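Q: I would like to learn how to read a protein model. Could you walk me through this one, starting with its surface?

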Amino acid sequence: MRILLIKIAALILFLFGISETNAQINLSQTFLNRLEGNWSTDKGKSFGMPAVVTMVCKKSLDSKFIELSYTIEMSAADGKKHVFEGRAFYKPVSEIQFVGTWFDSGGETHPIKASHDSTTLTSLWGTAETKLGKTLYVFSSPNIIEIIDFIMKKDSSWKEFNRNTLYREHR
């Protein structure tokens, strides 16, 4: 019985240590903090159609996550409007790595693993069983970001399907 109690205590201390490590990663000091704000372009193009693209990024859920909301309002040649909406929640797991989940108006949900270098956040999303995608968030300045979406083809190469440059709205 005593050995069991020692093992349980060790497990609790181990789990507490993990929680403390994650808590020490300050969301404000991560690359994701650079995404915070309202972003948009009215000169976008998505799926071959002119588009208005908006992205809102903010701290969420007691500042444990960055919530990214993404909307594309496309205008088809016949005048019909098509709207695509997505939302992701990102959480830092180290200074350069993040995990998250994506939800969209197509009813899809994808796990996300992301990392960054000095100018680019690379988000790998999906699963081998469903589909795999990649989104790059590339900063050309603090107030200009290019978002490029790819889908993995059967031959494991990447096919670009969306690219837009968004501008930060001034606060």
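A: Let's begin with the idea of accessible surface: accessible areas come from the Shrake-Rupley method with a 1.4 Å probe. The model here is predicted, and the accessible surface of its chain comes to about 10,700 Å². Carbon and sulfur atoms hold 58% of that surface.

Q: What share of the residues in the chain is buried?
A: A residue counts as buried when its relative accessible area is under 20%. Of the 171 residues in this chain, 35% are buried.

Q: Which elements make up the chain?
A: There are one helix and ten strands. Reading from the N terminus, the order is α-β-β-β-β-β-β-β-β-β-β.

Q: Where is confidence lowest, and where is it highest?
A: Confidence is given for each residue as pLDDT, from 0 to 100. The chain has a mean pLDDT of 86, with 82% of its residues at 70 or more. Helix α1 (residues 2–23) has the lowest confidence, a mean of 42, while strand β7 (residues 120–126) has the highest, at 97. Over residues 4–23 pLDDT stays under 50, and the model has one contact beyond four places in sequence for them.

Q: How many residues line the largest pocket, and which lie nearest its centre?
A: The lining has 22 residues, and F84, W102, W125, D149 and F161 lie nearest the centre. By type, the lining divides into 13 nonpolar, five polar and four charged residues. Several strands supply at least two lining residues each, among them β3 (65–75), β7 and β10 (158–168). The space in this largest pocket is about 430 Å³.

Technical notes:
Residues are numbered from 1 along each chain as its sequence is written. This is a predicted model: local features need pLDDT of at least 70, side-chain atom pairs count only at pLDDT 80 or more; totals for chains, interfaces and linings use all residues. Side-chain values use heavy atoms; hydrogens and water are left out. pLDDT is the predictor's confidence in each residue, from 0 to 100. Helices (H or I, at least four residues) and strands (E, at least two) are DSSP runs, numbered from the N terminus. Contact means heavy atoms within 4.5 Å. Buried means under 20% relative accessible area, exposed over 50%, partly exposed in between (1.4 Å probe, protein chains only). On a 1 Å grid over the protein atoms alone, a cavity is a set of points where a 1.4 Å probe fits but cannot get out, and a pocket is an open set with protein on both sides within 12 Å along at least five of seven lines; lining residues have an atom within 4 Å of a point. Grid points are joined across faces, edges and corners, and a volume is the space filled by probe spheres set on the points. Ala, Val, Leu, Ile, Met, Phe, Trp, Tyr, Cys and Pro count as nonpolar, Asp, Glu, Lys and Arg as charged, and the others, Gly among them, as polar.
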